[in-house]
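Please look over the sequence and the model below before reading on. The briefing that follows takes up a pocket, the pairing of strands and a pair of aromatic rings.

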Amino acid sequence: MRSRVQQTGVRLFGRMQLPRGVYEIRVAAHQPGGDTGSVVAEVEVPDYTNLPLSISDFVIASSHGRSLTTLEEDPILRRALPAQPTVERRFTPAETLTVFGEIYDSHWILSRELGVTQVIRSIDGRIVRRDEQALRTSSKGRFSYTATVPLGNIAPGRYVLSIEAYTRDGVPASASQQL
């Protein structure tokens with residue numbers, strides 16, 4: 001186990017429920033007789049009710065993510081993804097990514113269906129892959145979005161993943177997110 005952790009690292013998930021606002025999250029780790037480390041991150045919990053349509057940040061899981069040692073898994077993400085999320089942003093052509101996020105529609109009474117377009121672009125703007133899907137909701141404007149992205153046919157390089165959601169009926173609205 002020790003050599004595996006030395007090669008791949010270790011993951012630990014924690015979930016906090018916070019009201020909208022901006023927070024500074026601090027995490028420290030210490031191994032008795034070993035190293036101590038810490039990280040600080042600013043996190044914004046947005047107010048999704050102020051926009052007609054909005055998209056959360058996305059979480060990515062890799063088909064190779066199962067090889068990482070995870071001390072505690074996130075039960076919500078475990079139901080939505082085939083593996084625990086990764087912070088890595090470098091992948092091999094042998095991997096398949098799964099992208100998960102939520103889309104919020106404040107006019108959910110008027111629009112029961114959203115269109116979602118997922119586009120992968122190279123740094124020079126060339127479209128490498130494009131997928132579309134329709135989402136329906138029964139949870140008062142909250143749509144779960146999950147997509148699979150096989151990397152086998154994508155040449156090595158830098159890419160931007162863009163996801164755009166738009167209403168298909170009711171009040172016209174759209175929102176997008178990139179990673």
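How much space lies in the second largest pocket? About 660 Å³ lies there, a volume being the space filled by probe spheres set on grid points that are joined across faces, edges and corners. This is a predicted model, in which local features need pLDDT of at least 70 and side-chain atom pairs count only at pLDDT 80 or more, while totals for chains, interfaces and linings use all residues. Residues are numbered from 1 along each chain as its sequence is written, and side-chain values use heavy atoms, with hydrogens and water left out.

**The second largest pocket**

- The lining comprises 21 residues, and Arg 89, Phe 91, Gly 157, Arg 158 and Tyr 159 lie nearest the centre of the pocket (a pocket is an open set of points on a 1 Å grid over the protein atoms alone, where a 1.4 Å probe fits, with protein on both sides within 12 Å along at least five of seven lines; lining residues have an atom within 4 Å of a point).
- Of the lining residues, 16 are nonpolar, two polar and three charged, where Ala, Val, Leu, Ile, Met, Phe, Trp, Tyr, Cys and Pro count as nonpolar, Asp, Glu, Lys and Arg as charged, and the others, Gly among them, as polar.
- Strand E7 (96–105) and strand E11 (159–167) each supply at least two residues of this lining, and E11 gives the largest share, three residues (strands are DSSP runs of at least two residues, numbered from the N terminus).

**Strand pairing**

- An open sheet of four strands runs in the order E9-E8-E11-E12 with antiparallel pairing (two strands pair if DSSP finds at least two bridges between them), and its edge strands, E9 (127–136) and E12 (174–178), each pair on one side only.
- E11 and E12 are joined in the antiparallel sense over five bridges, and Tyr 166 has Ser 174 in E12 as its bridge partner.
- E7 and E10 also pair in the antiparallel sense, over nine bridges, with Glu 102 opposite Ser 144 in E10.

**The aromatic pair**

- The structure holds one aromatic pair, formed by Phe 58 and Tyr 145, which is edge-to-face at 5.9 Å centre to centre and 85 degrees between the planes (rings pair if their centres lie within 6.5 Å, and planes over 60 degrees apart count as edge-to-face).
- Because Phe 58 lies in the loop between strand E4 (53–55) and strand E5 (59–62) and Tyr 145 in strand E10, the pair ties together parts that are 87 residues apart in sequence.
- Phe 58 is buried, with a relative accessible area of 8%, and Tyr 145 counts as buried at 1% (buried means under 20% relative accessible area, with a 1.4 Å probe and protein chains only).

Note on methods. Rings of Phe, Tyr and Trp (its six-membered ring) pair if their centres lie within 6.5 Å; planes under 30 degrees apart count as stacked, over 60 as edge-to-face and the rest as tilted. Buried means under 20% relative accessible area, exposed over 50%, partly exposed in between (1.4 Å probe, protein chains only).
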